[in-house]
Amino acid sequence: MCVRRSLVGLTFCTCYLASYLTNKYVLSVLKFTYPTLFQGSHVLVWLPASVLFVGIIYAGSRALSRLAIPVFLTLHNVAEVIICGYQKCFQKEKTSPAKICSALFLLAAAGCLPFNDSQFNPDGYFWAIIHLLCVGAYKILQKSQKPSALSDIDQQYLNYIFSVVLLAFASHPTGDLFSVLDFPFLYFYRFHGSCCASGFLGFFLMFSTVKLKNLLAPGQCAAWIFFAKIITAGLSILLFDAILTSATTGCLLLGALGEALLVFSERKSS
């Protein structure tokens, strides 16, 4: 059982790393920034969550095309602050001191980043804020609907089907449908190969994430996710253009400390 859990964790980390690096390559190096074309009963009850899922991938693609991966992940983690605040204020759940410190560190790191990011991009930060709001709302809605008649896999299938349909229709009003005709790498094999790889990796990441959450305790799952983010952020600095000043690095380390405290509180509570 221990070996199986380790294999699932390593598979998740591999998919997480490969998925982020591939998406960053397509969005930033090839500069294919047309998310409407790049992504795409109990079902009705789940529909609001699917709408938020579309917001997550659309805004996330816009933000990732403009921000370094470590910066994006630090901003992404603020969604945990939204969830913590909701649980504290509306559900009156008891919050451990470690979790409160974690939320404060994550918020401080994200708040300081725009003032210390030498590659500051207003549009990137705008879309990152939309992304983290959608992530926070999605996770809150997901928890509020448990137990659900839909399995985790069914939920993800519905999310992807809904996103493909909605983003396909949205490609015309957003202008992506015609803008893509001017994309310089449209007929290059590396573009088509990268897009196919991104799709497959996204699916395997989703599948491995569900397996990870079903097989491991919340604290162990949080630890694997944290490990995947660390190796992804570290390798991305070597592979993509990222200018990290001492102030920016300090913000990123503060965010990492905040997530480490979150992992600690999850492991302690479980």
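Which helices are included in what covers the buried residues of H6? Helix H4 (69-76), helix H5 (79-89), helix H7 (122-144) and helix H12 (246-269) are among them.

This is a predicted model: local features need pLDDT of at least 70, side-chain atom pairs count only at pLDDT 80 or more, and totals for chains, interfaces and linings use all residues. Residues are numbered from 1 along each chain as its sequence is written, and side-chain values use heavy atoms, with hydrogens and water left out.

View 1. Helix H6 covers residues 97-116. Helices (H or I, at least four residues) are DSSP runs, numbered from the N terminus. At 1.5 Å a residue, the 20 residues of H6 should span 28 Å, and the end C-alpha atoms are 28 Å apart, which agrees. The expected span is 1.5 Å times one less than the number of residues. The buried residues of H6 are Ala98, Ser102, Ala103, Leu106, Ala109, Ala110 and Leu113. They cover an arc of only 145 degrees around the axis, so they sit on the same side of H6. The arc is that of the directions from the helix axis to the C-beta atoms. Pro97, Leu104 and Phe115 are exposed on the other side of H6. Buried means under 20% relative accessible area, exposed over 50%, and partly exposed in between (1.4 Å probe, protein chains only).

**View 2. Asn159 in helix H8.** Asn159 belongs to helix H8 (residues 152-170). Its relative accessibility is 0%, so Asn159 counts as buried. The Asn159 side chain makes a polar contact with the side chain of Trp46 (3.0 Å). Another polar contact joins it to the side chain of Ser50 (3.0 Å). A polar contact is a pair of N or O atoms within 3.5 Å; within protein, one must be able to donate a hydrogen and the other to accept it, and residues adjacent in sequence count only if both atoms are side-chain atoms. Leaving aside neighbours within four places in sequence, Asn159 is in contact (heavy atoms within 4.5 Å) with Trp46, Ala49, Ser50, Phe53 and Tyr138.

**View 3. Phe53 and Tyr160, an aromatic pair.** The whole structure holds 11 aromatic pairs. Phe53 and Tyr160 form an edge-to-face pair, 5.2 Å centre to centre, with 65 degrees between the planes. Rings of Phe, Tyr and Trp (its six-membered ring) pair if their centres lie within 6.5 Å; planes under 30 degrees apart count as stacked, over 60 as edge-to-face and the rest as tilted. Phe53 lies in helix H3 (residues 42-64) and Tyr160 in helix H8, so the pair ties together parts 107 residues apart in sequence. Phe53 is buried at 8%, and Tyr160 is partly exposed at 31%.

Notes:
Helices (H or I, at least four residues) and strands (E, at least two) are DSSP runs, numbered from the N terminus.
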